[in-house]
Amino acid sequence: MWKILLVEDEPFVRRSVRNAIPWEEHGFMIAGEASHGREALEKISELEPDIVISDIFMPYMDGIELLRTARAQGSEARFIMLTCAGEFEYARAALEHGASGYILKLSMEDEQLLASLAKAKAELDRNARRQERMQWDSIGGRLGYLWRDMLGKELSAYERE
């Protein structure tokens, strides 16, 4: 189950997004919520969400700055940006800093949100498989050494397989 942090300063919109889809049926859970960027940054450190769904225009720290700061602090969470503004510059800035999606709130439909979540989920799945493969490659590279160290002999061809 992938963890989501929902960041939106308008309580009605936050509640609407939270209730929009059956999260668990799609492999997600809302791990936390924040009402502005500063609070969200603390929650990102605390909860380590896999996906952050964030408004762009918020008090204290906007969504673009949240994305930029989270990346600078090492967060690899996927960001899906929500906004009322259709200005290209905001979309460009969000995508430039690694956002997985950009959705206009006024025309947002559940299918759009699900499509963005599916894209983020595919990216997360791909990264998880890559990390698992790297871990096994690392173990496999040391197996001969460990075998030699523990048993005092080289691996036979059969044992290597």
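Helices here are DSSP runs of H or I covering at least four residues, and they are numbered from the N terminus. Keep in mind that this is a predicted model.

**View 1. Arg 14 sits in helix α1.**
The helix around Arg 14 covers residues 11-20. Arg 14 counts as buried because its relative accessibility is 15%, and the cut-off for buried is under 20%. Skip the neighbours within four places in sequence, and Arg 14 still touches Leu 6, Glu 8, Asp 9, Glu 33, Ala 34 and Ser 35. Take Ala 34 from that list: Arg 14 and Ala 34 are 20 residues apart in sequence, with 9.1 Å from C-alpha to C-alpha.

**View 2. Lys 105 lies in a loop between β5 and α5.**
On one side of this loop is β5 (99-104), and on the other is α5 (110-151). Lys 105 has a relative accessible area of 13%, so it is buried. Again leaving out neighbours within four places in sequence, its contacts are Glu 8, Glu 10, Val 13, Asp 55, Leu 82, Thr 83 and Cys 84. Look for Cys 84 in particular: it is 21 residues from Lys 105 along the sequence, yet their C-alpha atoms are 5.4 Å apart in space.

**View 3. Four arginines make a positive surface patch.**
The members are Arg 126, Arg 129, Arg 130 and Arg 133. Zoom in on Arg 129, which belongs to helix α5. Arg 129 counts as partly exposed because its relative accessibility is 48%, and that class runs between 20% and 50%.

Note on methods: Residues are numbered from 1 along each chain as its sequence is written. This is a predicted model: local features need pLDDT of at least 70, side-chain atom pairs count only at pLDDT 80 or more; totals for chains, interfaces and linings use all residues. Side-chain values use heavy atoms; hydrogens and water are left out. Helices (H or I, at least four residues) and strands (E, at least two) are DSSP runs, numbered from the N terminus. Buried means under 20% relative accessible area, exposed over 50%, partly exposed in between (1.4 Å probe, protein chains only). Contact means heavy atoms within 4.5 Å. Patches are made of residues with over 30% relative accessible area and no salt bridge: like charges are joined within 9 Å, nonpolar side chains (Val, Leu, Ile, Met, Phe, Trp, Tyr) within 5 Å. Accessible areas come from the Shrake-Rupley method with a 1.4 Å probe; for residues, only the protein chains shown count as cover. A salt bridge is a side-chain nitrogen of Lys or Arg within 4 Å of a carboxyl oxygen of Asp or Glu. Lys and Arg count as positive and Asp and Glu as negative; His and the chain ends are not counted. The place of a charge is taken as NZ of Lys, CZ of Arg, CG of Asp or CD of Glu.
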